[in-house]
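Visitor: I would like to learn how to read a few features in a model like this one. Where do we start?

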Amino acid sequence: MNRLRHLGLQRRIMLYVTGGLAAMFGVLVFLGLGAIEEATQLVFTERLTTAYTTAGVLERDLTRVAIDSRETGAQLLRTGAGPASEKVAQGLLDYFRRTDPYPFFEVSGVWLLDDRGALLDEAGSPISAAATGGAQVGRSIVAALHDPEAVLQALGPVPGAFPFAAIVTRLTAGGAPGPIVVVSTVSTNSAAPYVPAAYAPLGPAPSTPPRAGRASEEYHLEVVDPDGIAVLGIGPDEHPGSVSSHFQAIRGLMGQGAAAALLHQPGPGGSFEPHVMAVVPLAASPYYVVLEQPVDVALALPLQLRGRLLLTSGIGFLAALLVAWITTRRVVKPTEQLTAAAERMALGDLASPIDVAAQDEIWKLATSLEAMRQHLQAAYEATERTNRELESRVAERTARLGQVLRQTFSAQVEERRRLARELHDETAQTLAALSIALDRA
């Protein structure tokens, strides 16, 4: 507090103004960052919604495979092809190859199993003898079929392709349960960005999805199995068939069956760029859908708003300080002029007029001080005149006194001379005569 008292008026005002502006802009920035954080959360929510939409398209297509398998397989059975005939499996495979409308996968093979898991018929890939290792896989497929259909992990490798999933459903023959159909699929991967609008919900995606006009519409898409293997990859730098780079980040979510949108940043030694990632489970399957976008794309608007807020706040803060400095300078400068005038008056300079460029209370104070200066100057001049008059009178009387003194001194000297002459001329002679008379006597 004592230090503040010793500061100049302008510095104290600027200190108070700086504190007030810092508090005001701090509150504004805090509120603005809160709003931007809400916008960021909306971005995460929108990415999560897009991931759910993509998962919905996948779920719809998997369900359509199961429905088409039941309907077409039942029709093939009704035409006379028995469950042990190759016409059922091959007929289903031919049907899917003719009418395959699925943008994320395509059918590669069909198996027919009985209730014990024994193979009745097969067509396409994977080949059962090479892939299953006997009837054990068939029995596990039958055990997994609790609902009308189920989605399982791929049954085995497919030459020249990446296995995606196996869709299991049961046929009906004459109202009675028929054989179990297992449809194997392979993923349709692409190095082009994943654009949700390009993967039309009611039709197949083009072989090379067109790039969107805006980067915010482009994503990377992965479908990850429980072991972390990417069974589907759409977008640059995707590696289907290998362990996903997201597996460590989403393993906990996969264990809980939860969905989330989060910021995925590389750990020590990580080679990928930070990105926003939406992770949702693929219903009725063991898979997870992972949708990602680079941070500078997904959060472009919040980052831009944050940058603009900080830049605008900084410029506004500096501009307010400049205005405050100019304003305080206009107030303090007349005060400094008055202070300098008062110091000159204290040193005895009453001749210099007080000229202050102001039209406010400072001007009134300066006018009063100027009137006081004029009165003091007039009094000082009157005092000087009186002093000069007194000095003149004193000098005159001193001169007269000196003259009187000189005259008195001259009179004394002259009297002394007269007395000396009288003593020498008269008294000395009288004494000499008396002395001679005495000698005679």
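Guide: We start with a cut-off: a salt bridge is a side-chain nitrogen of Lys or Arg within 4 Å of a carboxyl oxygen of Asp or Glu. Keep in mind that this is a predicted model. Side chains of opposite charge can pair when their charged atoms come close.

Visitor: How many salt bridges does a search of the whole structure find?

Guide: The search finds five. Take Arg47 and Glu46: their side chains meet in a salt bridge at 2.0 Å, N to O.

Visitor: Is Arg47 buried or exposed?

Guide: Arg47 counts as buried, because its relative accessibility is 10% and buried means under 20%.

Visitor: What is the N to O distance between the side chains of Arg64 and Asp61?

Guide: It is 4.0 Å, and the two side chains meet in a salt bridge. Both residues lie in helix 2, residues 9-78. They are three residues apart, about one turn of the helix. Arg64 is partly exposed, at 31% relative accessible area. Asp61 counts as buried, at 0%.

Visitor: Which residue does Asp114 meet in a salt bridge?

Guide: Asp114 meets Arg116, at 3.7 Å, N to O. Asp114 counts as buried at 16%, whereas Arg116 is exposed at 66%. Elsewhere, salt bridges with shared partners join Arg60, Asp61 and Arg64 into one network.

Visitor: Now the sheet. How do I read strand order?

Guide: Strands of a sheet pair through backbone hydrogen bonds, either parallel or antiparallel. Here five strands form an open sheet in the order 7-6-10-9-8, with antiparallel pairing. Strand 7 (230-234) and strand 8 (260-264) are the edge strands, each pairing on one side only. Neighbouring strands of the sheet are turned against each other by 20 degrees on average, direction ignored.

Visitor: How many bridges join strand 9 to strand 10?

Guide: Seven bridges join them. Strand 9 covers residues 275-281, strand 10 covers residues 288-294, and they run antiparallel.

Visitor: Why is the pair of Phe25 and Phe317 edge-to-face?

Guide: Their planes stand at 85 degrees, so the pair is edge-to-face; the cut-off is over 60. The ring centres are 5.9 Å apart. This pair links distant parts of the chain: Phe25 sits in helix 2, Phe317 in helix 8 (residues 300-346), 292 residues apart. Phe25 is buried, at 16% relative accessible area.

Visitor: What is the angle between the planes of Tyr95 and Phe96?

Guide: It is 65 degrees, with 5.4 Å centre to centre, and the pair is edge-to-face. Phe96 is buried, at 1%.

Visitor: Which residues do ring pairs link into a cluster?

Guide: They are Tyr102, Phe105, Phe164 and Tyr287.

Technical notes. Residues numbered from 1 in each chain as written. Predicted model: local features only at pLDDT ≥ 70, side-chain atom pairs only at ≥ 80, totals over all residues. Heavy atoms only, no water. Buried < 20%, exposed > 50% of the residue type's maximum accessible area, 1.4 Å probe, protein only. Helix = DSSP H or I, 4+ residues; strand = E, 2+ residues; numbered from the N terminus. Pairing = 2+ DSSP bridges. Axes fitted to C-alpha atoms, helices over the stretch in contact; angles between N-to-C directions. Phe/Tyr/Trp six-rings, centres within 6.5 Å; stacked < 30°, edge-to-face > 60°.
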